[in-house]
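Subject: The structure I promised you

Hi there,

Here's the structure to open up on your screen. Have a look at it first, then read on for what turned up.

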Protein chains: 2
Amino acid sequence: MTAAGNDQASRPVGRRLERAGIRDVAAAAGVSITTVSDALNGKGRLPDATRRHVREVADRLGYRPSAAARTLRTGRSGLIGLTVTTYGEEPFTFTEFAYFAEMARAATSAALARGYALVILPASSRHDVWANVALDGTVVIDPSDQDPLVSELVRQGVPVVSDGRPAGSLPVHAWVDNDHEEAVLSILDHLSAAGARRIGLLTGTSTDTYTKLSTTAYLEWCERVGQEPVYEAYPAHDPCAGAVAADRLLSRPDRPDAVYGLFDPNGTDLLAAARRYGLRVPDDLLLVCCSESGGYAGTDPPITTLSLQPRRIGTAVVQLLIDAIEGVGPAHPVQQVMPTELIIRASSQRRPHRTTVSPPRGPGRGQG
Amino acid sequence: MTAAGNDQASRPVGRRLERAGIRDVAAAAGVSITTVSDALNGKGRLPDATRRHVREVADRLGYRPSAAARTLRTGRSGLIGLTVTTYGEEPFTFTEFAYFAEMARAATSAALARGYALVILPASSRHDVWANVALDGTVVIDPSDQDPLVSELVRQGVPVVSDGRPAGSLPVHAWVDNDHEEAVLSILDHLSAAGARRIGLLTGTSTDTYTKLSTTAYLEWCERVGQEPVYEAYPAHDPCAGAVAADRLLSRPDRPDAVYGLFDPNGTDLLAAARRYGLRVPDDLLLVCCSESGGYAGTDPPITTLSLQPRRIGTAVVQLLIDAIEGVGPAHPVQQVMPTELIIRASSQRRPHRTTVSPPRGPGRGQG
DNA sequence: GGCCCCTGCTGAACGGTTTCTGCAAGATCT
DNA sequence: AGATCTTGCAGAAACCGTTCAGCAGGGGCC
């Protein structure tokens, strides 16, 4: 059956009308598929007339090359992964949401500008989705040495660039990070210059390089200037713990007269704690925290923040990754250190003394 | 040449050592590639022993199926697109950054939870990247009728779900939106209840449905309660224009004693403008704005905000999209209207006059 | 005139998986 | 014992571009 004499096409008669393939275009244009491919991709040796003709026929048929087929053949998907640590169900940690959002936005832009699209993936390499998406390369934010994600990717030959120094000896192709020591030192100096005598630190208990480097820099600074360290550490992924730690820090007998908080919500938490203890900011307590949130421009008082410049980081990371994918740039690992920006607001500057008389206050005064 | 007697494999001798393919696994396990595929995907009729054996060999060889090949064969990539309007170079509009960030985050989570990954794409369908990525479906935020993106996607058979009612008669498979009329009315009622006599609106000049619906609802409310409309419209994508418009609104001869701002930065802008004109908030001016930014909890005073609940929207949109992709759920277009949330803070509540002796309290007063 | 090169185009292999069809051998039933 | 069913597995097509190798014909060169 179906042996009816229509010998015009060797393709099955009942072919689905779904989408035009390159073979359909070739047939309609009266050329070979090679010619179609070359014409559409600007390759081969073809006169302009042929190119135009093929392009026109392709347009008429609404031809869209199959990305999957192209990826399979060329080994390039045009996709780069962005993987972020996951606590619970949500990607992005709560405490560093603004950072990740900005960084991801910049990374997306940078990727798009170079013709790549960005896919957001969970940090656990065990998630199914990793197996189902063809990646040309991956950006890993704060890679941990726990998860074998990076090693696994590298083993598969996928270029990996990390935001943050890789822990241990992870074989990333490049990394980008801030100069955290320098940042902490500049803040401590800034606070000292504003009149701080005892600077406290609100830090984290986790072992990521950001926390470690910052804390170490603080301790070294204390040693150098001869100040006793005054700090509280808490699990940074727990938003409530931050408020408690801020409270602890300000209720200590050796209460600091200036505090730097390493995490985004610390500003709010410290402000609230200061209010509880009747401390005026900046008169009784100078405040700086690391944050990308613009909200600290509108608090009372506005809080000085350290920006890690996630936009720059996201852009740089993607550039390095795509360079690695495309084989341009140096073959050896690249390490790029980016500056931070201290946005100075009222909370870290002593007011010109208007009322002078402000006796030392005891702790535990309500919201007078 | 190379005719040396090793007839063990018909594959070329110098095969690259790159990655093990399904054929390698089949050869190593002494079975056919069909058996490998079935064993690994839990299909076919195979005894457990064979399944285990194949799995073990695959593990030993570090076999990872090629996502590209699978996509080519099955027509499923496991990728869904999220496309956002682009102003200039950055994806996400500046004014609604927090909204998009939260929405994208929720969408990413929801997609991941169902085994899909999310790709962020530019709103212009002309961008090359659209042709290079195989999408199972797309979420479009605030689709405009200018860009033929949606029609083009639908023509290609790609399911499309939109966040925001589609303008014109775009053939989306489903949409999700807030009940903007209801939201505006509830805010106006809230402000009235707080003592507002003349409520102003800070709105936009663009023609998207959010702006249109909200403005219309305001005008109708004014007509119903017999208030003369007092509003200023400005191009919402221009951050400076917002500050100017806020200033204009508060400098009018018929100055409102309460204002609702449709866009995220309006709260800050109105607060600054109020300060310039010596207006105390909430005593002289009640303020509400639509925002997802947590920063308004920390301003002085804290500002009441309307949240569009981008998390819910992002989740819902992705669920609908994946339902459409997988063919579950209703075949006909779905329209889902989500509630908003009014987060009441000091800026929209007349302060209880503390200096006076507290009058008899009515029911439902706050935390006494 | 013979040789070589250049132009314009084509055939066919290739990439790696999924899946339909089908076959042989053993088990079960009558 | 023969018919039928089930089990366990294999062969090969299909998915759809890209690209290597090469062919025919025309022109230029010595």
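Let's start with charges: two salt bridges are counted between chain A and chain B (a salt bridge is a side-chain nitrogen of Lys or Arg within 4 Å of a carboxyl oxygen of Asp or Glu). In one salt bridge, the side chain of Arg64(A) meets that of Glu152(B), at 3.3 Å from N to O.

Before going further, some ground rules: this is a predicted model, where local features need pLDDT of at least 70 and side-chain atom pairs count only at pLDDT 80 or more, while totals for chains, interfaces and linings use all residues. Residues are numbered from 1 along each chain as its sequence is written, chains are lettered from A and ligands numbered from 1 in the order in which they are written, and side-chain values use heavy atoms, with hydrogens and water left out.

**Where the chains meet**

Eight residue pairs are in polar contact across the interface of chain A and chain B, both residues at pLDDT 80 or more. (That's a pair of N or O atoms within 3.5 Å; within protein, one must be able to donate a hydrogen and the other to accept it, and residues adjacent in sequence count only if both atoms are side-chain atoms.) On chain A's side, α5(A) gives the most, with seven residues. (Helices, H or I with at least four residues, and strands, E with at least two, are DSSP runs numbered from the N terminus.)

In total, 45 residues of chain A contact 45 residues of chain B, with contact meaning heavy atoms within 4.5 Å. Together the chains bury about 3,700 Å², 63% of it on carbon and sulfur atoms; that is accessible area (1.4 Å probe) lost when two parts are put together, summed over both.

Strands join in too: β4(A) and β4(B), residues 117-122 of chain B, pair antiparallel over three bridges. To pair, two strands need at least two bridges found by DSSP. Look for Val119(A), which stands opposite Val119(B).

**A strand inside chain A**

Now find β12(A), residues 304-307. Which strands does β12(A) pair with? Parallel to β12(A) runs β11(A), residues 286-290, over three bridges, and antiparallel runs β14(A), residues 341-343, also joined by three bridges. Thr305(A) is the bridge partner of Cys289(A), and Thr305(A) also stands opposite Ile343(A) in β14(A).

Both faces of β12(A) are covered: Thr304(A) and Leu306(A) on one side, Thr305(A) and Ser307(A) on the other, are all buried (under 20% relative accessible area, with exposed over 50% and partly exposed in between; 1.4 Å probe, protein chains only).

Cheers!
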